Amino acid sequence: MRKALVLACRVLTGLITLAVVGVLLLAWRLEQSPLVLDRFVPVIEKSLSPASGGSAIRIERLALAREGLRLFLRADHLRVTDDNGDDFVMAPIAKVELSPNGFVRDGIMSAESIKIESLVITAAMKDGKVSI
């Protein structure tokens, strides 16, 4: 019984050490430059776009970055297109700040804030009505 307890403590200590080293390596990597996550762009675009069609969200580049101790996703050249493929909402940079509490407590990535820089919305007048 004692040997099993010692082995369990060693395994637990090893896992905690591995987790700490992993967090430190990620922090160091993010200090060098943002971590490009472009392989996840199609999945994110599909999940943000309505299944019924119509408008669609397009992201040119996605990266994980940090400012101080805060992690955020940075989407460059975010566009919302209509069913004709024309852009009606454009943002050069959108930052989604991630909530560390949501990840630690619930195990899910959740947004704490969304900041959009230089937002451009295109509106048109058709039959006396303004549409976006």
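Val-36 stands opposite Ala-63 in E2, a contact that belongs to the pairing of strand E1 (residues 35-36) with E2, where two bridges join antiparallel strands. Strands here are DSSP runs of E with at least two residues, helices are runs of H or I with at least four, and both are numbered from the N terminus; two strands pair if DSSP finds at least two bridges between them. This is a predicted model, so to speak of local features takes pLDDT of at least 70 and side-chain atom pairs count only at pLDDT 80 or more, while totals for chains, interfaces and linings use all residues. Residues are numbered from 1 along each chain as its sequence is written, and side-chain values use heavy atoms, with hydrogens and water left out.

On to the next pair of strands. E2 and E3 run antiparallel and share eleven bridges, with Ile-57 facing Val-80 of E3. The two strands make a hairpin with two residues between them, and Gly-68 in that turn has a positive phi of about 65°.

Salt bridges come next. The structure has six of them, each being a side-chain nitrogen of Lys or Arg within 4 Å of a carboxyl oxygen of Asp or Glu. One of them joins the side chains of Arg-61 and Asp-76, at 3.2 Å from N to O. Arg-61 sits in strand E2 and Asp-76 in strand E3, so this pair ties together parts that are 15 residues apart in sequence. Arg-61 is partly exposed at a relative accessible area of 30%, whereas Asp-76 is buried at 9%. Buried means under 20% relative accessible area and exposed over 50%, with partly exposed in between (1.4 Å probe, protein chains only).

Lys-95 turns up in two of these contacts. The side chains of Glu-67 and Lys-95 meet at 3.1 Å, N to O; Glu-67 belongs to strand E2 and Lys-95 to strand E4, so the pair ties together parts 28 residues apart in sequence. Glu-67 is partly exposed, at 47% relative accessibility, and Lys-95 is buried, at 18%. Lys-95 also forms a salt bridge with Glu-117, the closest N and O atoms being 4.0 Å apart. That pair links distant parts of the chain, strand E5 for Glu-117 and strand E4 for Lys-95, 22 residues apart. Glu-117 is partly exposed at 35% relative accessibility. Elsewhere, shared partners join Arg-61, Arg-74 and Asp-76 into one salt-bridge network.

Then there is the second largest pocket, which holds about 280 Å³ of space. A pocket is an open set of points on a 1 Å grid over the protein atoms alone, where a 1.4 Å probe fits and protein lies on both sides within 12 Å along at least five of seven lines; lining residues have an atom within 4 Å of a point. Points are joined across faces, edges and corners, and the volume is the space filled by probe spheres set on them. The lining counts 14 residues, with Leu-48, Ile-59, Ala-75, Leu-78 and Val-96 nearest the centre. Helix H2 (41-48) and strands E2 (56-67), E3 (70-81), E4 (87-98) and E5 (111-117) each give two or more residues, and E3 supplies the largest share, five. By type, 13 are nonpolar, none polar and one charged (Ala, Val, Leu, Ile, Met, Phe, Trp, Tyr, Cys and Pro count as nonpolar, Asp, Glu, Lys and Arg as charged, and the others, Gly among them, as polar).
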